[in-house]
Amino acid sequence: MTTLVRGGHRARHRVVLLGGGYVTLHAYAGLMRHAGRAVRRGDVQVVVISIDDAHSFHGFTGEVLAGLLPYDRTRTPLVEAMPHAHVVLGRATAIDPERRLVRYELVDRTDESPTERVLDYDALVIGTGGREPAAAVPGLAEHGFTLRAPGDIAVLTERIRDAATHRGIRRHTVVVAGGGLAGVEMAAAVADLGGARVRVELVHSGDAILPELRDDQPRLARRAEQELERLGVRVRLGVRLASVTEDLAHLSDGTALPASTVIATIGQRPVQVPGLDEHRDPRGRLVTRPDLSVVDGVWAAGDAACVVHPTRGEPVPANALWAIKGGEHVGRNLARMLRRRPTRPFAYRGLGQAASFGFGRSISELYGLPFTGWLAWVLRLTFFLRFMPSRRKAAQVVGDVARHAAYGRSAPRPALAEPAEPAVAELATAQPA
């Protein structure tokens, strides 16, 4: 195996993490908690391959759109979140599980040198996540916005704020496609910021919004409907987004809505890296074993994986909490593998879910118990602060919330530091024999 010399030591093991999302960050954290000494002294080399140089914390996207938090609060440089890892700005293109090789291409190169690399590994963690299927809706990729594409949230935030502060006669219309938790939160955030200057249309193909809450928590689903009504959001049920043009959102029932902005929260498809196709389910997710391995040496969790609930026997939800807990478990099992100990099955059973409808207004479910209003909002805020990858960013969020509580929307905005250049590593690579 190709090794990299660090501080006079040769790395005996290489762990490669694909993606810069929740799975990667929490697999790294779990590995460092249980085998950090080996990483720090150079016996274990950790390599992160990601197309983005920062982690996007999506839990506070609604607060960003609503103007409560600066966009910068949701972004943590990977080199800050994982200081003992080698971060490579690249895109994985193929996996060879038999030879334990991963191919990747570098991104954002300024020279003309070949960009494809081959890296060998002892353990590979696939946390590439999912993306909204923008290509499935004609015109959406060109004229709409999603929540997961790098850079989309920053551009979307500025667009919504410009619309909310526009003093012209024309009223801006924002169409949100998808009536799950993400879509409902985005519709509420836009309506909360825009007020009378922005009209929000929420389009959902089902017969009721929030299907993930409807059966088990009907009270919370009804409260969400009331909050949307309070904010003036118009909900259109039984129709889907059919196509998008520069200024129109076409629906499946033939309606054409004038739309200055279209936001799609229409589910997701896993980001696939070729090489493990025989281990995928019909939705394209990697099917994991009880310990979250896919095959020997390869692990997966989060939106790119089909993880079976330990008691219910059905796939776990595709959300941040399950990606976080899956990543943590993979990290612990990596440490056990490095010590030649048996791995353990994934035993997490779930915690709850939540949505926000403005400052101090929320719904949440914790271990099956429903909460609304201020208590639900504080529970949600506390939970998200707990899992932010940067304690510094979490402290800044607390300061932002305090300023908003004291001054409302007139609170002075903190000056944001210029983003630092990403510190990435050029690695020794293995070429296939």
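1. Which residue is the bridge partner of alanine 92 in strand 8? It is tyrosine 104. In strand 8, isoleucine 95 likewise has a bridge partner, valine 102. Strands here are DSSP runs of E with at least two residues, helices are runs of H or I with at least four residues, and both are numbered from the N terminus.

2. On provenance, this is a predicted model, in which local features need pLDDT of at least 70 and side-chain atom pairs count only at pLDDT 80 or more, while totals for chains, interfaces and linings use all residues. Residues are numbered from 1 along each chain as its sequence is written, and side-chain values use heavy atoms, with hydrogens and water left out.

3. Strand 7 (residues 86-96) pairs with strand 8 (residues 101-106) in the antiparallel sense over six bridges; two strands count as paired if DSSP finds at least two bridges between them. Four residues separate the strands of this hairpin, and arginine 100 takes a positive phi near 55° there.

4. Strand 7 also pairs with strand 4 (residues 44-50), in the parallel sense and over four bridges. Within strand 7, valine 88 stands opposite isoleucine 49.

5. These pairings belong to an open sheet of eight strands with mixed pairing, in the order 9-8-7-4-3-10-23-22. Strand 9 (116-120) and strand 22 (293-295) are at the edges and have a single partner strand each, so one side of each lacks a neighbour in the sheet. From one strand to the next the twist averages 35°, the angles being taken on a scale from 0 to 180 degrees between N-to-C directions of axes, which are lines fitted to C-alpha atoms, for helices over the stretch in contact.

6. Helix 1 (residues 22-40) lies across strand 3 (13-18), strand 4 and strand 10 (123-126), and runs at about 165° to strand 4. Helix 9 (residues 320-338) lies across strand 3, strand 4, strand 10 and strand 23 (298-300), at about 160° to strand 23. Contact means heavy atoms within 4.5 Å.

7. The count of salt bridges comes to 25, a salt bridge being a side-chain nitrogen of Lys or Arg within 4 Å of a carboxyl oxygen of Asp or Glu. One of them joins glutamate 185 and arginine 380, at 3.0 Å from N to O. Glutamate 185 is in helix 6 (residues 181-194) and arginine 380 in helix 10 (residues 373-387), so this pair ties together parts 195 residues apart in sequence. Glutamate 185 is buried at a relative accessible area of 10%, and arginine 380 is buried at 3%. Buried means under 20% relative accessible area, exposed over 50%, and partly exposed in between (1.4 Å probe, protein chains only).

8. Arginine 214 and glutamate 225 also meet in a salt bridge, again with an N to O distance of 3.0 Å. Arginine 214 sits in helix 7 (residues 211-214) and glutamate 225 in helix 8 (residues 218-231), eleven residues apart. Arginine 214 is partly exposed at 24% relative accessibility, and glutamate 225 is partly exposed at 33%.

9. Arginine 280 forms a salt bridge with aspartate 277, where the closest N and O atoms are 3.4 Å apart. Arginine 280 is buried, at 16% relative accessible area, whereas aspartate 277 is partly exposed, at 49%. Elsewhere, salt bridges with shared partners join Asp72, Arg73, Lys393, Asp400 and Arg403 into one network.
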